[in-house]
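Please look through the structure below.

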Protein chains: 2
Amino acid sequence: MLTHSEENYLKVIYHLSQTEDGGISTNAIAQKIDTKASSVTDMIKKLKEKKLITHQKYQGVFITALGLQTAKMIIRKHRLWEVFLVDKLNFNWDEVHDVAEELEHIKSEKLINALDAFLGYPKEDPHGDPIPNAKGEIPYREKELLTETEENNNYMCVGVKDTSAAFLQYLDRQKIALGSTFMVLKHENFDHSVTILFQENELTLSKVVAHNLFVKKI
Amino acid sequence: MLTHSEENYLKVIYHLSQTEDGGISTNAIAQKIDTKASSVTDMIKKLKEKKLITHQKYQGVFITALGLQTAKMIIRKHRLWEVFLVDKLNFNWDEVHDVAEELEHIKSEKLINALDAFLGYPKEDPHGDPIPNAKGEIPYREKELLTETEENNNYMCVGVKDTSAAFLQYLDRQKIALGSTFMVLKHENFDHSVTILFQENELTLSKVVAHNLFVKKI
DNA sequence: ATTTATTTTTAGACAAATCTAAAAATATTT
DNA sequence: AAATATTTTTAGATTTGTCTAAAAATAAAT
């Protein structure tokens, strides 16, 4: 049985493991959790003790198979709760993160599986991130960043990389939501902005925006 | 902002205040929380510091107006989550307590009010306990213990005093649920058992059972 | 009204999760 | 390859919530 704090660390280590190849550094974890490196070192000992990660001094952290499975179950809970908040309680997608961050620590397998069924076994959360099933399997969905797209092709928005309220609210103002479709007109070499044809209007998205929007060719 | 532990203590103090007249003793709290009197003394200092209770050494604890309102909001959350678990996730009424005990600490007013609306502003939880509204008002419902009833009158089961899984499962086996109706046939002087006519059968309930069933004359 | 019993509080300790400051190990630079 | 910089760990302190054991206050009983 893990504490809230242990679960938070494990989740961050899992996410970092997705993009990093080697071990995860103490500093990388500290930065994500917004804590001091010394606190991370302490927590590493606890997670290692519980066989969720491997670690040797001054080398990075590696997540174990047990850690991986455990992390996926936490992420499963987080994302299912997000779906609940949006689909059932009419939260906006920029309002769900903090509450889901609390709800993900509720310990009841029956609860989360019943919630999954109640929601109709959703495959993705409100930000387009995949929801692990009860076994920990993560559904794959084709997607690429808007920055990687080809001109004169049609795409559908299927996810966001940055899930900050600021970015999501920006998308709201542009009327861009998951499921929105558009044609990519032009990649601007100069500033890497992307101009799209969306709802009969030309819309230019900055490099930062384009680099945080996941799309799929249609 | 209160910790989980502070909220648990406050809730217990609230419940004890409902039945006790004078101040709530350290020991009474310790027994309910299943902890040591010294731990209670420590926590009393914290709750007093936060103006949720008043207390002077060796005298009992009294809950303040602020403490009362805070406690009601915790109970509101607990009971609304119980309704959610039973109505939406098909939990049985004997399975909801522990999970609701965790869920009640989730801190989001928006969440709880949205949940309330989603559930259709229920007045009572699955055990027949009243749910405080967003203002903290508690709907009153007429009820009495089965032990207090009159023979040859009809009653409806409207609540349980003991919410333990053991008692609730006993009621399940007898097919007694909230809303069940029956006629009280006989109060046995000898052992204070109560015989009722329920679903065309005579059923004798022990004093313990009868003393934990809330009913309403119909 | 003393003595005895119970309750409550205090004092000191411990585990969990954090911090600061300093030491140790590793990386980087010239 | 030595000097410098960065990262990581250790050591010791703090806060929260708990505990045990002893002291203090209150309640009960003879």
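T149(B) sits in the loop of chain B that runs between β3 (144–145) and β4 (153–160). The model is a predicted one. Is T149(B) buried or exposed? T149(B) counts as buried because 21 C-beta neighbours lie inside 10 Å, and the cut-off for that label is 20 or more. Leaving aside residues up to four places away in sequence, T149(B) touches E144(B), Y155(B), V184(B) and V215(B). L16(B) is 133 residues away from T149(B) along the chain, and the C-alpha atoms of the two are separated by 25 Å.

Next comes chain A as a whole. Chain A contains eight helices and eight strands. The C-alpha trace of chain A spans about 55 × 40 × 25 Å along its principal axes. Chain A has 218 residues, of which 32% count as buried.

Two helices of chain A can be taken as a pair. Helix α1 (residues 4–19) of chain A packs against α2(A) at an angle of about 120 degrees, and the axes are 10 Å apart. The crossing of α1(A) and α2(A) is right-handed. On the α1(A) side, the contact is made by N8(A), Y9(A), V12(A), I13(A) and L16(A); α2(A) contributes A28(A), I29(A), K32(A) and I33(A). By class, the residues of this contact are seven nonpolar, one polar and one charged.

The two protein chains also meet. Their contact takes 13 residues from chain A and 13 residues from chain B. On the side of chain A that touches chain B, α5 (97–103) and α6 (109–118) of chain A each supply at least two residues. The largest share of that side, four residues, comes from α6(A). The side of chain A that touches chain B divides into eight nonpolar, two polar and three charged residues.

The DNA strands remain. Around DNA strand C there are 20 residues, and the closest are T3(A), S38(A), S25(B), N27(B) and S38(B). At least two residues each of the surface near DNA strand C are supplied by α1 and α3 of chain A and by α2 (26–33) and α3 of chain B. Which helix gives the largest share of the surface near DNA strand C? That share, five residues, comes from α3(A). The surface near DNA strand C is made of five nonpolar, ten polar and five charged residues.

DNA strand D has 20 residues around it, and S25(A), N27(A), S38(A), T3(B) and S38(B) come nearest. Two or more residues each come from α2 (26–33) and α3 (37–49) of chain A and from α1 (4–19) and α3 (37–49) of chain B. For the surface near DNA strand D, α3(B) gives the largest share, five residues. The classes near DNA strand D are five nonpolar, ten polar and five charged residues.

Conventions:
Residues numbered from 1 in each chain as written. Chains lettered and ligands numbered in written order. Predicted model: local features only at pLDDT ≥ 70, side-chain atom pairs only at ≥ 80, totals over all residues. Near = placed C-beta within 6 Å. Nonpolar A, V, L, I, M, F, W, Y, C, P; charged D, E, K, R; others polar. Axes fitted to C-alpha atoms, helices over the stretch in contact; angles between N-to-C directions. Left-handed = near helix turned anticlockwise from the far one by under 90°. Contact = placed C-beta atoms within 7 Å. Buried ≥ 20, exposed ≤ 12 C-beta atoms within 10 Å, placed from the backbone.
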